[in-house]
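Subject: Structure handover

Hello,

Here is the structure to look at. Please open it first, then read the notes below.

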Amino acid sequence: MTSHGRRSVWSAIKRGFAGRCPACGDGRLFGRFLKVNDHCPACGEAFHHHRADDLPPYLVIVIVGHIVGSGILAAETYSDWPAWLHMALWPTVTVVLSLLLLQPVKGAVVALQWANGMHGFGGVDEEALMADHDRAGKSD
């Protein structure tokens, strides 16, 4: 792991949202659509221990829900579109927006974890700490 001193949260989030390494901004964060690289190809920063889990899909659901919900409300309020248009437009917009936002949001979440030193990004091996804690609990 590289040493980066004080980490700028907003700079890291912007880099992660763009799919770049939150540490250097040069390397690609993703190897495949949602698979985070184990290490940055440019600076070598380790990403294998990130824990994005379910937060990115939840955030995407909230974002897309607000956009699509507002769009439906505006369309119903200010226009007289036929039902077939609504049935064709809104599911398509929902799927496209979800696919477009999922990778950037996951990148931003991983970058936020990196910037705050969470889940091993701070140089602390949390798995080793938990194993030590478990061993101490069993000896009592």
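Contact means heavy atoms within 4.5 Å. Among contacts in the protein chain between residues at least 6 apart in sequence, 57% join residues at least 24 apart.

Some ground rules come next. This is a predicted model, where local features need pLDDT of at least 70 and side-chain atom pairs count only at pLDDT 80 or more, while totals for chains, interfaces and linings use all residues. Residues are numbered from 1 along each chain as its sequence is written, and side-chain values use heavy atoms, with hydrogens and water left out.

**Overall layout**

The protein chain has four helices and zero strands. Its pattern along the sequence is α-α-α-α. Helices (H or I, at least four residues) and strands (E, at least two) are DSSP runs, numbered from the N terminus. Buried residues make up 31% of the 140 residues in the protein chain. Buried means under 20% relative accessible area, exposed means over 50%, and partly exposed is in between (1.4 Å probe, protein chains only).

**Helix packing**

Two packed helices are described by the angle between their axes and the distance between the axes. Axes are lines fitted to C-alpha atoms, for helices over the stretch in contact, and angles run from 0 to 180 degrees between N-to-C directions.

Start with α1 (residues 9-17) and α3 (residues 83-115). They pack at an angle of about 150°, with axes 7 Å apart. The two are therefore roughly antiparallel to each other. The cut-offs: under 35 degrees is roughly parallel, over 145 roughly antiparallel, 65 to 115 roughly perpendicular, and the rest oblique. α1 passes α3 in a right-handed crossing. A crossing is right-handed if the near helix is turned clockwise from the far one by less than a right angle, and left-handed if anticlockwise. On the α1 side, the contact is made by V9, A12, I13, G16 and F17. On the α3 side, the residues include P104, V105, A108 and W114. The contact residues of this pair divide into 11 nonpolar, two polar and no charged. Here Ala, Val, Leu, Ile, Met, Phe, Trp, Tyr, Cys and Pro count as nonpolar, Asp, Glu, Lys and Arg as charged, and the others, Gly among them, as polar.

Now α2 (residues 55-78) and α3. Their axes come within 8 Å and cross at roughly 150°. α2 and α3 are therefore roughly antiparallel to each other. α2 also passes α3 in a right-handed crossing. This contact has 18 nonpolar, four polar and two charged residues.

**Cores**

A nonpolar core is a set of buried Ala, Val, Leu, Ile, Met, Phe, Trp, Tyr and Cys residues joined through side-chain atoms within 4.5 Å. The largest has 15 residues, and L29, V36, F47, V110 and W114 have the most contacts inside it. Its largest share, five residues, comes from α3. Beyond neighbours within four places in sequence, V110 is in contact with L29, V36, H50, A52 and F121. A second, separate core of eight residues includes V60, L101, L102 and V105.

**The loop between α1 and α2**

N37 lies in this loop. N37 and H48 are 11 residues apart in sequence and 7.0 Å apart in space, C-alpha to C-alpha. D53 is in the loop between α1 and α2 too. D53 has a positive phi of about 50° although it is not a glycine. D53 is exposed, with a relative accessible area of 59%.

Best wishes
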